[in-house]
Amino acid sequence: RCFHANQADVTALPKRETSFSSSGDDITINKMLTETSKRRFGGVALPLTAILSILISSPSDAFHMPSLRNNVHHTTTTTTTTSLMSFMADSSDYKADKSDYGEDGKDPAGDAAAPIRGEVDMADVPVTEEVAVPTSRNNVGNRFLALVFDRSLCSKYDLENWEENGEENPLWEMHKDRVALTEDHVMWARKQNLYNETFNTDSMADIRFSHQLLSSDLQRTIGHAMCIDSPTIDHCREALSRDPIIRSLVGVDDDGQCDVSSVPLYRWRQIRDHTLRMDDGRDGLPTMLLAFDRPEAMSDGLREEVQNEHLEYLIRSEKIIACGPLHVATQEKSDPKSVAAGTLMIFNAKDRNDAIEFVENDPMAVAGVYETMTVHRYNQLDVTGKFVSENLYYPNQNTYQMKEAMEYWGYPVDDEQTKWLNW
């Protein structure tokens, strides 16, 4: 039975109907405990808390209260025991002699315990002052989207007479050429993104992402959509002119310059609301919609008319990774000529049919805003370099390609500003 700290109320253990009553002079529990303590401790009345403490810590047969037992009447037939109170002080079933730690507080396993990999004694680590990485000067609200479609930009492949000449399908040739340049493309983008006080100080464009667009049968890469942050459109085009894939598709002149005026470029006004930033691959596979408006969609006000309904549809879907309208790429963002020309939507879909059904039910599509709509699955490339890290499963197979490339470029890999950025 367990006695609670309140003086006059004694509660039995669960499912036991035990009641206590006085005989004759209506002695309370508090008074009985006091009288018992006087007899036990030489006439000194101990406080109730001290009595309970002794009861808890004493052996079951070391402290008896005959006056209390004699005044207890059970409403049910039970066997009277010599222990009226029995429970551990910490309310657990564990005893001190079964502790996992010794008297000195150390693990008895000692050195036999398996250490955590990479664990170090912080007392041996010297205190150093870290320097913050400088914020990119290019994140000023100007976000561009370049659409690089191999077939429309390159004229060196014979797309008409290849069967008659017994040649390989040029579409596969374009795919192989792109794959061969993918590593150079990734390294160019990473170098474009990395700068500090001593390296690449003139960088005026950051590559936010480069998604490799796939054919409908998912067998070939047909192009890439690249998001760029840059203060001006001229700096953006200058960065594009150094992309190895674009240089291969468009060609270079005798001076090694690449004219990228044929590469479609738009201002992308991404909607930054948190409800339209779901994780990649959440309930589906990352998919991209490229939709372009009818010429009269802006003049007749149809896009503005259905804009709110369009946003509500996207929010309720819980599919969107990133989205926003595409505008004409003018020199100034506030230029009235920078009108909406289409929509870029990146979202999760279970399969191609699910993706098509989703975009066709978009209020923008239902209202007839779009003239063309294309859906692409894509492969995401790590153009930032931030995901090149230690292989935790196979420590002997670490990835140092980014660090080695930066050393080759002359980047100060031990620089205090960015030493933690890529490895």
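Q: What makes the pair Asp354 and Lys319 a salt bridge?
A: The closest N and O atoms of Asp354 and Lys319 are 3.3 Å apart. A salt bridge is a side-chain nitrogen of Lys or Arg within 4 Å of a carboxyl oxygen of Asp or Glu, so this pair counts as one. This is a predicted model, in which local features need pLDDT of at least 70 and side-chain atom pairs count only at pLDDT 80 or more, while totals for chains, interfaces and linings use all residues. Residues are numbered from 1 along each chain as its sequence is written, and side-chain values use heavy atoms, with hydrogens and water left out.

Q: Which parts of the chain does the pair of Asp354 and Lys319 tie together?
A: Asp354 lies in helix α9 (residues 352–360) and Lys319 in the loop between α8 and β6, so the pair ties together parts that are 35 residues apart in sequence. Helices (H or I, at least four residues) and strands (E, at least two) are DSSP runs, numbered from the N terminus.

Q: Why is Asp354 called buried?
A: Buried means under 20% relative accessible area, exposed over 50%, and partly exposed in between (1.4 Å probe, protein chains only). Asp354 has a relative accessible area of 17%, so it is buried. Lys319, with 16%, is buried too.

Q: What makes the phi of Leu218 worth a remark?
A: Most residues other than glycine have a negative phi. Phi of Leu218 is near 60°, a positive value in a residue other than glycine. Leu218 sits in the loop between β2 (206–214) and β3 (221–229). With a relative accessible area of 39%, Leu218 is partly exposed.

Q: Which residues have the most contacts inside the largest nonpolar core?
A: A nonpolar core is a set of buried Ala, Val, Leu, Ile, Met, Phe, Trp, Tyr and Cys residues joined through side-chain atoms within 4.5 Å. The largest has 29 residues, and those with the most contacts inside it include Ile207, Met226 and Leu265. Five residues, the largest share of this core, come from α5.
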